[in-house]
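Hi,

Here is the structure we talked about. Please open it alongside these notes.

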Amino acid sequence: MGKGGALSEGVLKKIILSYTYVAIWITLSFTVIVYNKYILDRKMYDWPYPISLTMIHMGFCSSLAYILVSVAKVVEPVQMTRDIYFKSVVPIGLLYSLSLWLSNSAYIYLSVSFIQMLKALMPVAVYSIGVLLKKEGFKGDTMTNMLSISFGVAIAAYGEAKFNSWGVMLQLGAVCFEATRLVLIQILLTSKGITFNPITSLYYVAPCCFAFLSIPWIIVEFPKLRDTSSFHFDYFIFGTNSLCAFALNLAVFLLVGKTSALTMNVAGVVKDWLLIAFSWSVIKDTVTPINLLGYGIAFLGVAYYNHAKLQALKAKETEKKATQVDDESGKLLEEKSAEKSARKTDADN
């Protein structure tokens, strides 16, 4: 039982840790989404200032990331030149700020459940923008899959009891900006060998987001907040909300780093269904059978997309291993040939 028991114990420990990372990520993601909805919704905390809320998050994350990187030196900073920062990080920061602003704004107009259904369009947006920017190759079967996801979301939108066209436009805009950001990360950073973990990402990107958001904030929300004499900053509410947002970034790093991006995608589906159930049972949002039918179709499309990506990754990995074996075999043959030549030369001498 020695080796077998040790192996079983090791596998069991790995499974438990993986489920723990998934549970932490789902809990924090769930908490941030519901917390943001609570703060922004006019029927709950009634503080409908999405730019201000996003700036509070970015200011908090910037400060904490600075302390961890520059003061406590918990994480090493990335080798960043001024040219890379302005040509790569700044555009990504702009897109991230727009994505966060619009997605938080959507909570004022739409239910939590319907927003999660609209977010199912993310693979469609990522693939479409990847094709436009020539990062992805156009494939008929993939595009058919994207159309099936879009069709499912359209059915869900048709069945939405409290449909708000402005809220839908805000959420779709957030999806487009986020998808563009994800594609540009591959083009502008990954291609140059630069990778961020959540802390270094916030260290470089969060101040950039804060600066970009300050422009619309001064024009749109600052005058309203200045004239609202009854408002007093609630340090507990906004402090815990910002802490949850920061912790969520760390949870993403743990989940992807210790498991895989595919695990995160699967966990995301579980989280979406939990949020839909919570939205219906606790917040008392209306979820219709047509909503669920549409999201079910979109969910199947997303599941197939993730499966296809996994198969492509496996095929790529197999091809890579085969190439390595061929290279090693070639080197071995060369070495044997060299040895034979050396022996023949010695025999002739």
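This is a predicted model: local features need pLDDT of at least 70, side-chain atom pairs count only at pLDDT 80 or more; totals for chains, interfaces and linings use all residues.

Start with the pair of helices α3 and α8. The crossing of α3 past α8 is right-handed. Helix α3 covers residues 82–109, and helix α8 covers residues 198–227. Their axes come within 8 Å and cross at roughly 60°. Angles of 65 to 115 degrees would count as roughly perpendicular, and those under 35 as roughly parallel. The two helices are therefore oblique to each other.

Next, the residues that meet there. On the α3 side they are Y85, V89, V90, G93, L94, Y96, S97 and W101. On the α8 side they are Y204, V205, C208, C209, F212, L213 and P216. By class, this contact has 13 nonpolar residues, two polar and no charged ones.

Now look at L68. This residue sits in helix α2, residues 50–71. L68 and Y203 are 135 residues apart in sequence. In space, their C-alpha atoms are 9.0 Å apart. Which residues is L68 in contact with, leaving aside its neighbours within four places in sequence? They are K73, V74, V75, I199 and F246.

Last, the second largest pocket. It holds about 290 Å³ of space. The lining has 14 residues, and the closest to the pocket centre are K37, D41, K43, I108 and K162. By class, the lining of this pocket divides into eight charged residues, five nonpolar and one polar.

Best wishes

Terms used. Residues are numbered from 1 along each chain as its sequence is written. Side-chain values use heavy atoms; hydrogens and water are left out. On a 1 Å grid over the protein atoms alone, a cavity is a set of points where a 1.4 Å probe fits but cannot get out, and a pocket is an open set with protein on both sides within 12 Å along at least five of seven lines; lining residues have an atom within 4 Å of a point. Grid points are joined across faces, edges and corners, and a volume is the space filled by probe spheres set on the points. Ala, Val, Leu, Ile, Met, Phe, Trp, Tyr, Cys and Pro count as nonpolar, Asp, Glu, Lys and Arg as charged, and the others, Gly among them, as polar. Axes are lines fitted to C-alpha atoms, for helices over the stretch in contact, and angles run from 0 to 180 degrees between N-to-C directions. Helices (H or I, at least four residues) and strands (E, at least two) are DSSP runs, numbered from the N terminus. Angles under 35 degrees count as roughly parallel, over 145 as roughly antiparallel, 65 to 115 as roughly perpendicular and the rest as oblique. A crossing is left-handed if the near helix is turned anticlockwise from the far one by less than a right angle, and right-handed if clockwise. Contact means heavy atoms within 4.5 Å.
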